[in-house]
Structure formats: structure tokens, C-alpha cells
Amino acid sequence: MSTIPPLLETRGLTMRFGGVVANDDVNFALEEMELRCLIGPNGAGKSTFFKMLTGQLTPSEGRIRFRTYPIAGNLPHQIARLGIGIKTQIPNVFNGLSVRENIWLAAARAARRDASTIRAKAIVDDVLERIMLPHLAEAIVGQLSHGQRQWVEIGTVLAAEPELILLDEPAAGMTDEETVRTAEIIREINKNRALIVVEHDMEFIKMIAKKVTVFHQGRIMMEDSVDAVLADSRVRDVYLGKKVAA
Amino acid sequence: MDLVAILGLNVVNGAASLFLLCLGLAIIFGMMRIINLAHGEFVMLGAYAAVIAANAGVNIFVAMLIVAPLFVGLVGIVVERCLIQFLYGRLVDSMLATWGLSLLIIGLVTTIFGNTMQGVPTPLGGFAIGAYRTSYYTLFLLAVAIAMLALVYGVLRYTRFGLIARAVMQNPEMAAVLGVNPARVYMATFALGAAVTGLAGGVLAPVSGITPVMGGAYVAKAFITVVGGGAAIISGTVSASGLFGFVNQLGAYFTTPVYGEVILFVSAIILIRLLPQGISGRFFKGTV
Amino acid sequence: MSASVKLSLQVVAILVACVAVAVMPVAVDLFQLMQFTLFASMAVLALSLGFIWGFGGILCFGQTAFFGLGAYAYAVAAINFGDSTPAILLAIIVPALFALALGYFVFYGRISDVYLGVITLTVTLILFNVFNSMAGDAYKIGTARLGGFNGMPAVPTFNMPFDPSSVLFPEQSWYVTGGALIAIYIGLRLILRSPFGRVAIAVRENETRASLLGYDPRAIKLGVFVLGGAIAGFGGALYVNWGAFVGPTIFSLSLSAEIIIWICIGGLGTLIGPIVGCFIIEYLISQIGSQQSFNSNLVLGAILIVFVLLLPKGLVPTIRLLLEGAGRLATKGRGQAPNAAPDLSAGQPVGAE
């Protein structure tokens, strides 16, 4: 239909660990400015998928294209420089540094990409406001709560100003109020950037999602609008099955 | 032809010595993920134990094959209880503390026995291949290496202790659930590694200079071989000591013994660069 | 401790150090001054490892490789040129290039931290073997004989820049060595405040996160490693200037161990700590050496074990914590605890997929 090439596209993406197939022939495409949610039970391969997109894992097979660049097997920093940012599932921050330093490190990199060093501080102040932590700017991140560290990591992702943002369970461990705020930020980011969000919380997904991709056993099981997906009996079985197993 | 034979014998001897030197370290590193930088000093203690026992009138073979491993095994138990048990999971700290231990042992031995010690003559005499003379002791070392290989493989593979030890190293909590006390398994494994190292020191004593700092020459060599061999204790150590022993002896023959050692180090570093998982991680499967 | 307090303490420490360097020749006799010159040259080595290990997270067990290469480079160049000026430069450049080659090999080869320790230690042993065996007339660079196990005696010491005829007096050598130590300390402090330094610390803190933000951890670590090599090499030149001699024992295992001990005692992750640790340990060794009743290995080994087990942070951070504790007690009641309630789960993975 559309003649504009996708922002991100994977073809036959496969990841094997020994005999275990974590991702199997994943064909995925994301349009410019799109907001996509990924759902699926634990072990469905969502995090593996993210790790391949960001260069933390080299795919066993398949291609990944970001705009015109083939990125499968590139190193994380190379992919980051092309403009993909990620908030990982477990808060992945600089625990020994202050909140401000964490954000600054991301902003400095972004500012360097745009060849203007003066902007870094402005970005930092702006991001601190957006993640509502200006009062904790000098606090050491390792001493913050789990939820606050989630915010710091979201802040580093924002400050890096990537073209595509990957969020792995952004609302995990947050209060209801914080979850709403996260949804707000995501919608705000989506005004001029594309996002892929992994979540389990269906309420949260309803707040933000338009189109949802369901992963199951390493494959894409279905891809449709949020209502269609939530109404689908197979999706319910997958989640129900998981609950029974748990 | 004679030259090839003697060179071959040297290579086999080099590999066997290296294997003996590394085996105890491989057990401790491979199963416990503890880098014991006092490994060279365990070798030295084994050599001292053998020499002192032999000089006191004990049969040289008893001194080398029984007294040395027994003594160093006991030292291993003491060290594990007093030091290592506090350092599991703290890899860097374990390296630092065992480096301290290494200095401590050197200092202790120097204080007690002084800077040098009368060694023991090489037993078993020699024989000739054409124009070249060599000693039966070379063959003895090879026999000991093969016996140790069989013994350690048998213990790890077929005994209850071996099974438990491998299980604990894989998953300590699970083993604890099964009623095995991980602390005792660690202690026994460390003691086993120390005893094997002591035996290496014992049998190498007649062919080494006996000084308190003799361990320094062994520790890096043993380490780089174990790391080059990779995670699998037996196959890794055998393949790496075979390869490096070969490189070392050939290098020594064509240049000097010193450069033979340098060539060993350089090739080991290159190997680690090429195969970060070690030889066994690349070519062998399985844990033993 | 707030950043401004920290900064003012650092400035005070630097001022005190400057005064100490200035008055030392008046305060102590020549023998002691020579001792302090030696300690200060070794403290430069301590700083180099304190920097790469404490701030770059690079566990290098063979920092003395660069120290020794610097010393040999200086000695060879000084004998050939008769002027210490280019020799000092070479003592920085040669080890830096060696660090570049070794670091490239290691960091770009996905070699893990622990193996790095083993490899650097091995490299030191290789250098020891090589330099130890290079005896005889065959091993000459220009007019400089490397001397094998005998080392290189009668190396020209520092002279005024580009003026070989005016050789420095011991007092002047002290000013140069002590001054260099302070200058390097200040230089490293400035680097740590610069963007490069902050990124280096970030890489130490969390390599994965740094790379996901677009920083290449390999390049950053390599930069830190090369800088450390250059500083250690310069320390080597200062060391030769002190004794007019260099031998292969500069690559010995025992010196490698000493450097590690300086840092463990002084405190990893500080710059003052390694200097303090170096002075304490070297003073101790010189005292033991003159007494003959204790073996220094025995004492050093025991100290290292005690510190690793009981005081793993080292002296300087422990004292700092105590001072902070005292400070907090003093200001207690003013009610400032900006929700710094330490989260026990910090750093622990919560629910991994």
C-alpha cells in the first residue's frame, strides 16, 4: 500500500541458543512515527528480539534494516549512533553516578551527533523536568527506588533523542499514577518519533496502543489493532495457558 | 632420526610437565571459578615437602607421590577454611587475596628455610638414543601425568564425589536442596586441587631449582594454559598443555629455553584472543 | 560529601602537597630526600594504575610492564643522545604505543576482565624473560648495551632541558619528581572532570548501558589504558633518574604485586589513595630491609590479605566515610536526608525474563 519504506524492517530474523530457538523467522515492519506494542507471555522472545535490534545479540539468521542501513550484527554503539534507543527490562543505569550525570551522558552523545556541545545542558534540564526528578538531580541512582531508576533510564533514552525508541516493560514496578504519567510521555514522544513498547499490563496497552504484535514461542502469532488482539481467543489462550502454568 | 626421537620425547615431556602443573589449577578454576594466584606457591610447597622428606630418609618416590600431595592437600584445606571460603563469587578479591597468600607463603618459606635449598638428585638414571642421552625420569613424568589424567577423570566422572562436585558447581542451591552441603564440597574440591598441585611440585622437584620464589615461574604458565584450555577440566587441560608443550619445546629447540617460554606465552595470548572460550569451549562439549 | 566540599578538599590537598615538596629539601637530609624521590617516582606508577583500574575498571596486573619499558626507553635514549630531554619524551611515547597495541589486541578482542589480568601479568613475564636474556654485545641499541640480567648501569640522569652539561642536583631532581607527581594528579583530576573522563567512568559503571547510548566501550577503555601506559612510562624515566640504573627486575612479579598492594591499601577509585598506599608500603619495605628480622614478602602478603578481607575499600575511602559519618553526626538535627533511603534492591535484577 504505502510507498514510503518502513523505518525498521526484519526479514527471517532467527536466534538460536544451542538447541533453543528464541526467535524463529520473525518478519516485522514498523512505519515512521508508528507506536507499536509487543505482547506475549514470558519466554515468547520479545527481549531477544529487542537485543538483536540493539546489537546486544547477533542474529543466527536473517536481516534487520533501519531506514537504509542493514544493522544485523552491528555493535550496540554503532546502532545507537544511528538513532535507536532502548530502555531495557531490568533498570540498566549507571548506579554509581548521579541522576544528572546519567542523563548528561546520553545528552552529550546526542549533542555530539548534532555537533553542538552547548545543547547538552539544556537537554538535561528539559529531560529532568519531563521525568519529574529535578529535585533528585544530584542523588546517586543506585540509592533510588526501582520505579525511580526506571524513570532515570527512560530519561537517558529521551535525552539521547533517538529516531526509534524501544521500551521493554516501561511500567513495571510503577505506581498507578506513574503508569499514567508514563503513558502520557509515550504519547508525547510519539508525536515525532517511533516507538516499540513491550508490556504485559493490558490496561496500559489500551492507554497507548494502536497496533499490537503478539509474540508466541519465538514467532509472531498475530498482528492487529488493539481491540482485535484483545478479543482474539488464541491470544487469551496463550495468556491463560501461561497463568495456569504459573 | 635420533634427533626426531629425542625432540619428540622432549615435547612429550614438556606437555606432561605442563599438564601436571595445570591440572590442580584447572580443577580449582574450572569447578569453583576461583583464580588461585598462589598456585605457584602450592607447587613450591609440594617440592619442598618432597625434598625435605627425601632428605630426612623417606624413599624418594614416597616423598614425591604421597608426602607432597598429602601435605599440600592439608595446606589447601587450611587455606580454604581461613581465606577462600569468604571469597566465593568475588573473583577479583579472590585473585588479590591469593596473590597476598602467595607472597605470604614465599615469605614464610624464606624465613624458615632461607633463600636456597639443597635439591634431590634425579632418580632412575639415564639412557641413550643414538648420540643423545636422556633420563628415564622423563618417562616417569609421562607415566605420572597419564595416571593423574586417568585418576582425576575417573573421580570426576564415575565417583559419587565427582557427581556431587559437578552438580554443586552447576547449581549450589539445587545441591543444597538435595541434602549436599556445598561448603564441604568446595572445601574438598579445593583440597583435591591443592593435592594434585602438590604432587606436581613433588615430581618436578628433582628437575627444578628449589627456591622459595620458584612458583613465580609456574603461575603464569599454568594460568595461561588453563585459560587457553577453556572450561572443560580434562579435555581442555590435555589439549592446551599438549599444544603449548609442543610450541614451548620446539621453540626452545630452535632458539633458547628462555625464548621457548616466551613463544609459549605469546602463542597462548594469541590463542585466547582467537578462542575466548578456550580450546575445549570451541572443540569439545561436556563438562569433564 | 557535597561536590564543592570535595573540590575544596582536593585544592587544599594539592596546596599542602606543593608546600611539602617545596620545603622537603630543607626538612630532611640528603639520604631521606633520595628516598622520597624514589617513592614519588613510584607513586607516579601508582597513580597510573589507580587511574586505569579505579576509573577505567581495567584490571591490569602488569602495569610495571609500562614502567619498565619507560625506564628502558629512557635509558637507551639518554645514553644515545646524551640529553635527557628527548629521552623523557620517548619514555612516554614507547610505553604508550605498547599499551596501544596490547590494548587494541585485548579490548577489541572481547577478552574478559579476568583474563586481562592474566594476560597483562604474562606480558610482564615475557618482558622480564626477554630483557633478562639480552646480555652480550649483540644486544645493543645505538651505543646502549641492554646488559641482560646485569641491566644498564651509569645511565645519564636528568639535565636542564636541551642542556646536557647542566645535570640536575638531587634537590632539583626531587623538585622535578615531586612536582611531576602533583602535576599528574592535577592532570588526572581535570581529565576526570572532562567529558572523556565522565564517559570513562560511565563505561566502568555499566559497559552495556554506555554502548546502548552510543559510546564505544572498547575505544574508551583503550584511551584510558594508553594514558595509563604513558604515565607509567614517565614514572619509569623518573625512576631511572633516581638510581641511574635499570635492570630486568623492574619487570619482576614482586613489583607487580607491590603496585596492586599500594592500590588495595590506599583505596581503589581514588587518586590520593594509590599515592598514600605507595608511600606507606615503600617506606615499610625500606624499614624492613634495614632490619632483616622480618621478610618483606611475609609482611606484604599479610597486609594484602588483611585488607582484602577486612578493609576492602582501602584506607582513603574508609577514612572519608568515617569523616562523613562524623560530619553527619555534627549536622544532625538540621533535617536533611533528601530521600536518600538506600534501596536494598539497588543493582539487583528484579524479575528477569
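**Chain contacts and architecture of the predicted assembly**

Two pairs of chains are in contact, and chains B and C share the most contacts of the 2, where a contact is a pair of residues whose C-beta atoms, placed from the backbone, lie within 7 Å. Chain A and chain B do not touch, and their nearest C-alpha atoms are 12 Å apart. The model is predicted: local features need pLDDT of at least 70 and side-chain atom pairs count only at pLDDT 80 or more, whereas totals for chains, interfaces and linings use all residues. Residues are numbered from 1 along each chain as its sequence is written, while chains are lettered from A and ligands numbered from 1 in the order in which they are written.

We may begin with chain C. This chain has 13 helices and 4 strands; helices (H or I, at least four residues) and strands (E, at least two) are DSSP runs, numbered from the N terminus. The C-alpha atoms of chain C fill a box of roughly 70 × 50 × 45 Å along the principal axes. For 353 residues, a compact globule would have a radius of gyration near 20 Å, and the 21 Å of chain C agrees with this. The radius is taken over C-alpha atoms, and the globule rule is 2.2 Å times the number of residues to the power 0.38. Buried residues account for 49% of the 353 residues in chain C; a residue is buried if 20 or more other C-beta atoms lie within 10 Å of its own, exposed if 12 or fewer, and partly exposed in between, with C-beta atoms placed from the backbone. Of the contacts in chain C between residues at least 6 apart in sequence, 75% join residues at least 24 apart.

Chain B comes to 12 helices and 2 strands, and the pattern along its sequence reads α-α-α-α-β-β-α-α-α-α-α-α-α-α. Its C-alpha atoms fill a box of roughly 65 × 45 × 35 Å, again along the principal axes. A compact globule of 288 residues would have a radius of gyration near 19 Å, and chain B, with 19 Å, agrees. In chain B, 52% of the 288 residues are buried, and residues 24 or more positions apart account for 76% of the contacts with a separation of 6 or more. At 1.5 Å a residue, its 22 residues should span 32 Å, and the end C-alpha atoms, 31 Å apart, agree with that; the expected span is 1.5 Å times one less than the number of residues. Of the 22 residues of H10(B), 18 are buried, so this helix is largely enclosed by the rest of the structure.

The contact between chains B and C takes 32 residues from chain C and 35 residues from chain B. On the side of chain C, helix H5 (113-133), helix H10 (253-266) and helix H12 (296-310) each give two or more residues, and H5(C) provides the largest share, 12 residues. By class, this side of chain C has 23 nonpolar, 8 polar and 1 charged residues. Here Ala, Val, Leu, Ile, Met, Phe, Trp, Tyr, Cys and Pro count as nonpolar, Asp, Glu, Lys and Arg as charged, and the others, Gly among them, as polar.

Chain C also meets chain A, with 25 residues of chain C in contact with 31 residues of chain A. The elements of chain C that give two or more residues to this side are helix H7 (195-205) and helix H8 (207-212); H7(C) gives the most, with 5 residues. The side of chain C that touches chain A has 13 nonpolar, 6 polar and 6 charged residues.

Within chain A, 4 strands form an open antiparallel sheet in the order S2-S1-S4-S5, strands being paired if DSSP finds at least two bridges between them. Strand S2 (20-30) and strand S5 (69-70) of chain A stand at the edges with a single partner strand each, so one side of each is left without a neighbour in the sheet. Strand S1 (residues 8-17) and strand S4 (residues 61-66) of chain A run antiparallel and are joined by 5 bridges, and Leu8(A) stands opposite Phe66(A) in S4(A).

Two loop residues complete the picture. Gln217(A), in the loop between strand S9 (211-216) and strand S10 (219-225) of chain A, has a positive phi of about 50 degrees although it is not a glycine. Ala244(C), in the loop between helix H9 (217-243) and H10 of chain C, has a positive phi near 55 degrees.
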